[in-house]
Amino acid sequence: VLFFQIVHILNMTSAKIVSFLLHPEESLHSLQNRIEFETGISTGNQELLLETGICLDPRKPASQCVIDGVRGWDSYMVYLFDKSKTVYDGPFASRSLSDCVNYIVQDSKIQLPIPQLRKVWAEAVHYVIGLKEDYSRLFQGQRAAMLSLLRYNANLIKMKNNMVSASQQLKAKLEFFQQSIRLDLERYSDQMAYGISSEKMLKAWKEMEEKASQCAQAEDIGYLDEQIMALHTEIVELQKSPYARRQGEVMENLEQRAIDLYKQLKTRPPDHAYSDSTDMVKIIVQTVQSQDRVLKELFGHLSKLLGCKQKIIDLLPEIEVALNNIKEADNSVMQMQGKRQREIWHLLKIACTQSSSRSLVSSSLEGTASTPAATWLPQSSSGNAAPHPLSSLAAPEDGENFADVIQENVNYLELFSSILQEVRQEQSCMMVS
């Protein structure tokens with residue numbers, strides 16, 4: 001046996017209710033097609049909210065609209081909003097009068113027999129109660145919109161916090177990187193006269209310094225932060241607004257007055273007496289006027305809620321872009337830091353290799369030449385050893401075989417040339433990287 005359910009959709013753009021009989025296996029998309037046919041709101045612009053502010057899940061069947069077990073199966077309402085609109089201003093016509101109630105409204109002083117008057121007033125009381133219930137349902141729809149807005153706002157705050165945290169981390173890394181590269185450039189300049197130099201590497205480091213300054217632009221999220229804070233203030237004000245609370249007290253009082261008036265009429269004996277409907281019509285008119293006022297306030301407040309929600313929807317992609325820019329800048333800084341550190345260690349390796357080669361040549365010469373001052377490397381004007389090609393040899397002492405000395409030094413020259421060639425290759429590789 002298939003059990004069908006009924007779902008009631010309150011169209012917040014027209015203040016009208018449309019009801020549908022649901023097949024147990026019907027999809028939400030199928031229901032939305034039916035809603036489009038009845039309301040003219042396309043499926044892409046439909047936003048269906050439960051009274052908790054939760055949007056219906058398109059992956060679940062349409063039966064998610066009906067919640068069993070807590071209240072009557074037909075007492076739940078789904079609230080339909082048009083996402084293409086942020087201003088809901090009506091006009092929203094009150095429910096229509098029945099013929100007999102319209103009869104006394106047109107002429108409240110007309111005299112009717114008491115039995116007939118009871119029937120007319122019973123319908124009048126039902127009409128007044130209906131006006132109040134119409135407002136209550138629309139107010140519940142406004143409340144669902146507020147709860148939905150707060151859910152969007154919570155997501156906005158979460159994304160904003162992630163963005164601020166990422167921006168602060170990027171700022172700290174940039175400060176560290178910029179201080180480090182400035183120090184490296186200073187130290188590099190100091191050692192160029194007597195150490196290792198590379199114009200290509202120096203240019204690359206200066207480009208890194210400039211690129212780091214460009215990366216700093218990504219951490220500037222002040223303009224987004226200001227918009228979010230202004231929006232947050234606006235939402236708080238909307239929550240504090242008196243229109244965020246139920247405004248139906250006047251209508252409830254009029255409802256009670258209409259019920260009491262009908263009860264008084266029922267106590268009158270059903271004789272041949274006649275009476276007019278002046279008091280009841282006065283209540284009907286006041287209820288309609290009260291409903292017009294509270295609905296105008298309600299939809300004005302609802303439009304502000306939907307405007308804030310649209311602002312959040314527009315802001316979320318901007319925050320996502322800013323967050324991606326921050327992450328890209330962060331990755332760029334870390335890559336530059338790693339590249340510079342690898343280059344520094346490569347320079348250190350070259351310096352150590354040169355130092356080892358100098359020691360090797362110097363110790364070899366000391367073992368073959370009797371004069372301690374004999375050296376392969378001349379002294380620079382500052383007294384520090386500088387990389388320099390081989391230029392001279394010390395003369396051997398008497399008694400040594402000159403040909404043997406020459407041959408041995410030629411061997412050492414070939415060895416040293418080989419070492420220098422390896423160093424140049426490593427420097428070339430470093431510059432390419």
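**Cavity, pocket and helix packing**

Q: How many cavities of 30 Å³ or more does the count come to?

A: Rolling a probe the size of a water molecule over the atoms shows where empty space is left. In this structure the count comes to 1 cavity of 30 Å³ or more, where a cavity is a set of points, on a 1 Å grid over the protein atoms alone, at which a 1.4 Å probe fits but cannot get out. The model is a predicted one, in which local features need pLDDT of at least 70 and side-chain atom pairs count only at pLDDT 80 or more, while totals for chains, interfaces and linings use all residues. Residues are numbered from 1 along each chain as its sequence is written, and side-chain values use heavy atoms, with hydrogens and water left out.

Q: Which residues line the largest cavity?

A: The largest cavity, with about 30 Å³ of space (the space filled by probe spheres set on grid points joined across faces, edges and corners), is lined by Tyr-135, Phe-139, Gln-142, Tyr-243, Arg-245, Gln-247, Val-294, Glu-297 and Leu-298; lining residues have an atom within 4 Å of a point. Helix 3 and helix 7 are the elements that give two or more residues to this lining, helices (H or I, at least four residues) and strands (E, at least two) being DSSP runs numbered from the N terminus. By class, the lining of the largest cavity has 5 nonpolar, 2 polar and 2 charged residues, where Ala, Val, Leu, Ile, Met, Phe, Trp, Tyr, Cys and Pro count as nonpolar, Asp, Glu, Lys and Arg as charged, and the others, Gly among them, as polar.

Q: Which residues are the closest to the centre of the second largest pocket?

A: A pocket is an open set of points with protein on both sides within 12 Å along at least five of seven lines. The second largest pocket holds about 280 Å³ of space, and of its 16 lining residues the closest to the centre are Ser-14, Ala-15, Lys-16, Ala-93 and Asp-134. Strand 2 (16–22), helix 3 (114–191) and helix 7 (278–368) each give two or more residues to this lining, with the largest share, 3 residues, coming from helix 3.

Q: At what angle do the axes of helix 3 and helix 6 cross?

A: Two packed helices are described by the angle between their axes and the distance between the axes. The axes of helix 3 and helix 6 (residues 249–267) come within 9 Å and cross at roughly 165°, with axes fitted to C-alpha atoms over the stretch in contact and angles running from 0 to 180 degrees between N-to-C directions. That makes helix 3 roughly antiparallel to helix 6 (angles over 145 degrees).

Methods: Angles under 35 degrees count as roughly parallel, over 145 as roughly antiparallel, 65 to 115 as roughly perpendicular and the rest as oblique.
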